[in-house]
Each structure stands twice: as structure tokens, then as C-alpha cells.
Amino acid sequence: MRREDTRPRHQQIAAFLRAAIMCGELEPGERLPTTQQLMERYEVTGQTVQRTLQVLKEEGFVVGRPGVGVFVRAETPLVVQVASYLSPPLRGEAHPWMSRADERGQRGTAKLLDVMRVKPPNQVAEALGAAPDEEVVLRHQLLSLDDEPVELVWNYYPLSVADGTPLERRARVRGGSPALLADLGCPPREHVDRVSVRLATSEEFRALELPDDVPVLRTLRTVYSDDGRPVEASVLVKGGHRHELAYRGTIS
């Protein structure tokens with residue numbers, strides 16, 4: 001049995017246009033069809049077209065130029081090359097996330113929101129192999145590009161790794177956790193990502209300044225060192241309207 005699309009018509013049209021932008025059918029900087037053309041194409045009123053365009057503007061997919069028209073956003077989606085962020089940088093260099101932002105001509109910043117010992121969520125405890133009621137170290141951060149918030153990060157570390165180290169200090173770690181883990185004798189060797197999509201919590205909605213009803217990409221990442229030892233578990237949340245995840249691996 002086929003289920004009909006019961007969403008309001010403007011949301012359906014926004015979905016068509018959003019998909020066309022994300023797949024490159026509508027290219028960055030390209031002008032959208034006029035209001036009259038969209039009315040005729042989708043057999044809707046001008047009010048419905050304006051509601052459609054407002055949704056896409058709020059999500060950052062299009063921008064309006066008074067007296068000229070509505071255009072696809074100039075920048076392409078932010079493609080996250082996952083593996084490139086996990087290798088320790090050379091000594092003295094910034095975290096790879098910052099370096100990649102600089103290469104794109106953007107300014108990446110990380111705001112440390114909290115550092116504390118906590119009982120981790122069940123999924124994180126399982127990833128780290130933590131015993132019931134065992135505490136771990138949490139480092140909670142907000143990442144921004146050009147002062148615009150783009151990602152919330154919760155990094156968890158076993159006490160066997162973090163106890164008494166800079167991971168427990170309320171200060172930034174030069175080069176990020178990959179560099180420090182390597183210095184602590186726990187170099188990252190492998191990672192496993194579990195990616196899901198859902199609507200944002202209230203905290204995520206406010207912190208990431210998300211448009212209404214935009215889903216987030218949630219990644220649970222477990223990083224392993226030598227002998228398959230889990231040394232870091234991260235929960236990464238970013239707006240689904242801005243990001244794409246890219247994975248590359250060898251097929252044996």
C-alpha cells in the first residue's frame with residue numbers, strides 16, 4: 001500500500017527544490033524559477049510559493065535579492081571527510097578541523113562548554129567498555145565557522161586514559177584529542193561511526209541556531225588504539241541541512 005504525502009503543499013515543494021540543490025541539479029548561485037513559473041509548475045498559489053521560499057531561506061538553501069530574484073546559496077554543503085579529522089596533527093599544528101576550515105577560507109573556533117566526570121549514557125558506556133556506575137571524563141564543546149555554530153561535541157574518555165591529564169583540565173588542548181592521545185601512548189588507530197538522523201533536542205536547537213524542523217546528523221564515534229582498546233567515544237551533532245559525510249575505504 002502506497003502512503004500519500006500528507007504534508008502541506010509548500011513543504012512538499014520545498015522538499016523537491018531542496019533535493020535538487022543538494023544533488024547539484026540547481027547549482028550554487030543559480031537563479032530559481034520565478035514565482036509565476038513555480039506557480040504554474042506545481043499548480044499552486046503565489047502564497048504557497050512564498051511560503052516555500054521562506055522555508056528554504058530560513059534553512060540557508062536560497063537567498064533573496066530584492067528586485068532581482070531568489071538564488072541558490074553560493075556555498076556547497078560542508079563535506080566532512082571523516083578520516084581526515086582523526087589523525088594526530090604534526091607537533092605545533094592546529095586540530096585538523098581548524099586546518100580544513102582555514103583551507104576553505106573560513107575561521108574555525110571551538111568553545112569549551114564543560115569538563116567534568118560523569119556517568120556516561122548507556123550507549124557511550126558500552127562503547128568504552130565502562131562498568132555500571134563507572135565515571136568517565138566528558139569534554140563538551142561547540143564548534144563554529146565564522147562565528148556561526150555548526151556542531152555540538154561530547155567527547156568521553158575512560159579514567160584509565162584521562163585521569164590527571166590535560167583532558168581533565170578546563171582548557172583547550174593544542175592539536176585536539178588525537179595529538180594528546182598519541183602523547184599519552186594511546187594513538188588513534190581505528191574508529192567506528194554510527195550515524196543516525198533525528199529532530200533536534202531543545203538544547204541542540206538553541207545552541208546550533210537551527211531553523212524549525214531541520215533534522216540533525218548524530219554520530220556516535222568510538223576511537224580505538226592499539227590492541228583494539230577504546231580510548232574515546234564521541235557524540236557529534238550537526239545540522240543536516242549544512243553537512244554531508246564522506247567516507248573512503250579500501251575494499252578487500
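Buried means under 20% relative accessible area, exposed means over 50%, and partly exposed lies in between (1.4 Å probe, protein chains only). Helices (H or I, at least four residues) and strands (E, at least two) are DSSP runs, numbered from the N terminus. The model is predicted: local features need pLDDT of at least 70, side-chain atom pairs count only at pLDDT 80 or more, and totals for chains, interfaces and linings use all residues. Residues are numbered from 1 along each chain as its sequence is written, and side-chain values use heavy atoms, with hydrogens and water left out.

**Figure 1. Buried residues of helix α3.**
The view shows T48, V49, T52, L53 and L56, which are buried in α3. They cover an arc of only 135° around the axis, so they sit on the same side of α3. The arc is that of the directions from the helix axis to the C-beta atoms. The buried residues of α3 pack against α1 (9-22), α2 (35-42), β1 (62-65) and β2 (69-72), where contact means heavy atoms within 4.5 Å.

**Figure 2. Length and end of helix α3.**
Helix α3 covers residues 46-58, and its 13 residues should span 18 Å at 1.5 Å a residue. The expected span is 1.5 Å times one less than the number of residues. The end C-alpha atoms of α3 are 18 Å apart, which agrees. G60 follows α3 and has a positive phi, near 85°.

A salt bridge is a side-chain nitrogen of Lys or Arg within 4 Å of a carboxyl oxygen of Asp or Glu. Side chains of opposite charge can pair when their charged atoms come close. The structure holds eleven salt bridges. In one of them the side chains of R107 and D147 meet, with 2.5 Å from N to O. R107 lies in the loop between α4 (96-103) and β4 (108-118) and D147 in the loop between β5 (136-145) and β6 (148-158), so the pair ties together parts that are 40 residues apart in sequence. R107 is partly exposed, at 42% relative accessible area, whereas D147 is exposed, at 58%. The C-alpha atoms of D147 and G105, which are 42 residues apart along the chain, are separated by 13 Å.

**Figure 3. The salt bridge between R170 and D114.**
The closest N and O atoms of R170 and D114 are 3.2 Å apart in this salt bridge. R170 lies in the loop between α6 (159-162) and α7 (176-183) and D114 in strand β4, so the pair ties together parts that are 56 residues apart in sequence. R170 is exposed, with a relative accessible area of 55%. D114 is partly exposed, with 26%.

**Figure 4. The salt bridge between K119 and D133.**
K119 and D133 form a salt bridge whose closest N and O atoms are 3.1 Å apart. The two residues belong to distant parts of the chain, 14 residues apart: K119 is in the loop between β4 and α5 (122-128), and D133 is in the loop between α5 and β5. K119 is exposed, with a relative accessible area of 54%, and D133 is exposed, with 59%.

**Figure 5. A network of salt bridges.**
The residues shown are R117, D163 and E168, which salt bridges link in a network.

**Figure 6. K238 in strand β9.**
K238 has its place in strand β9, residues 230-239. At 3% relative accessibility, K238 counts as buried. Strand β9 is mostly covered, with ten of its ten residues buried. The side chain of K238 makes a polar contact of 3.0 Å with the side chain of E151. A polar contact is a pair of N or O atoms within 3.5 Å; within protein, one must be able to donate a hydrogen and the other to accept it, and residues adjacent in sequence count only if both atoms are side-chain atoms.

**Figure 7. Strand β9 and its partners.**
Two strands pair if DSSP finds at least two bridges between them. Strands β6 and β9 run antiparallel and are joined by six bridges. W154 has V235 in β9 as its bridge partner. Strand β8 (residues 215-224) also pairs with β9 in the antiparallel sense, over nine bridges. R218 stands opposite V237 in β9. The hairpin formed by β8 and β9 has five residues between the strands, and D227 in the turn has a positive phi of about 60°.
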